[in-house]
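Please open the structure in your viewer and keep the selection tool at hand.

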Amino acid sequence: MHPDEPLPLARPASCTELFTAFTGLALQGFGGVLAVAQRVLCDDKRWLSKGEFLEALALAQVLPGPNVCNLSLMVGDRYFGTRGAFAALAGMMAVPLLIVLAATMLYAQFASHPLVAGALRGMGAVAAGMIIGTALKLAAPLRSSPLGLPTLAALATACFVAVALLRWPLVWVLPALGLLACALAWRRLRAAETAP
């Protein structure tokens, strides 16, 4: 195999492997699992290509519920149907739930301590950095989008303006822009098919 060619995709051997992989992924994702999910699912496990990950993530963001839980359901279902979906979701949720319950009890005891309050404020910058880093990593597969970079940039800008500046509800902005993006992509793909 040529060194520049991507490695072939693998598949999980069992629902147990899905459970343990998503448990490990969840435990690495302090401040946000999506920053780690792309590396684990695409680079380490090779269960998804970067393009497939981006498509699944786009769908996961439009559906109700936490993005990464939706993503785990899709990946699990892809390989083992309903059993796989539940195994991946259980891996994503079980151990973090116990950690959050323990952290809640500790926070109730020490919330008023200035060191704890300052540490929690500082974590906001870390979380923002992780989100920006993930966005930059996922930008490469967008180059092959049928929409083209200018249209993608316009859609991203419209989403930012609508949600961050105009304070429109995300629950309306994402489906509206998502449907617009789907319609534009369908139109361009259709035009490419009919072109001589």
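**First stop: R78**

Select R78, which counts as partly exposed because its relative accessibility is 41%; here buried means under 20% relative accessible area, exposed over 50%, and partly exposed in between, with a 1.4 Å probe and protein chains only. The model is a predicted one, in which local features need pLDDT of at least 70 and side-chain atom pairs count only at pLDDT 80 or more, while totals for chains, interfaces and linings use all residues. Residues are numbered from 1 along each chain as its sequence is written, and side-chain values use heavy atoms, with hydrogens and water left out.

R78 is placed in helix α4. Helices (H or I, at least four residues) and strands (E, at least two) are DSSP runs, numbered from the N terminus. Which residues does R78 touch, not counting those up to four places away in sequence? They are W47, L48 and E52, where contact means heavy atoms within 4.5 Å.

**Second stop: A90**

Stay in helix α4 and select A90. A90 has a relative accessible area of 33% and is therefore partly exposed. Select S72 as well: 18 residues separate it from A90 along the chain, and the two C-alpha atoms are separated by 9.2 Å.

**Third stop: the whole protein**

Zoom out to view the entire chain. The protein has 7 helices and 0 strands, and its pattern along the sequence reads α-α-α-α-α-α-α. Its C-alpha trace spans about 70 × 45 × 35 Å along the principal axes. Of the 196 residues in the protein, 27% are buried. Among contacts between residues at least 6 apart in sequence, 59% join residues at least 24 apart.

Two packed helices are described by the angle between their axes and the distance between the axes. Select helix α3 (residues 50-62) and helix α4 (residues 67-110), which pack at an angle of about 125 degrees with their axes 8 Å apart. That angle makes α3 oblique to α4. Axes are lines fitted to C-alpha atoms, for helices over the stretch in contact, and angles run from 0 to 180 degrees between N-to-C directions. Angles under 35 degrees count as roughly parallel, over 145 as roughly antiparallel, 65 to 115 as roughly perpendicular, and the rest as oblique.

α3 passes α4 in a right-handed crossing; a crossing is right-handed if the near helix is turned clockwise from the far one by less than a right angle, and left-handed if anticlockwise. Ala, Val, Leu, Ile, Met, Phe, Trp, Tyr, Cys and Pro count as nonpolar, Asp, Glu, Lys and Arg as charged, and the others, Gly among them, as polar.

Next select helix α2 (residues 34-44) together with α3; the two pack at an angle of about 140 degrees, with their axes 9 Å apart. This makes α2 oblique to α3, and their crossing is right-handed. L34, A37, Q38, L41, C42 and D43 of α2 make the contact with K50, F53 and L57 of α3. The residues of this contact divide into 6 nonpolar, 1 polar and 2 charged.

In the loop between α2 and α3, select R46. R46 is not a glycine, yet it has a positive phi of about 60 degrees. With a relative accessible area of 27%, R46 is partly exposed.

Select helix α6 (residues 149-165) and helix α7 (residues 170-194), whose axes are 10 Å apart and meet at a packing angle of about 165 degrees. α6 is therefore roughly antiparallel to α7. The crossing of α6 past α7 is right-handed. Which residues of α7 are buried? They include V173, L177, A181 and A185, and the buried residues of α7 pack against α6.

Finish at R167, in the loop between α6 and α7. R167 counts as exposed, at 67% relative accessibility, and its phi is near 60 degrees, a positive value in a residue other than glycine.
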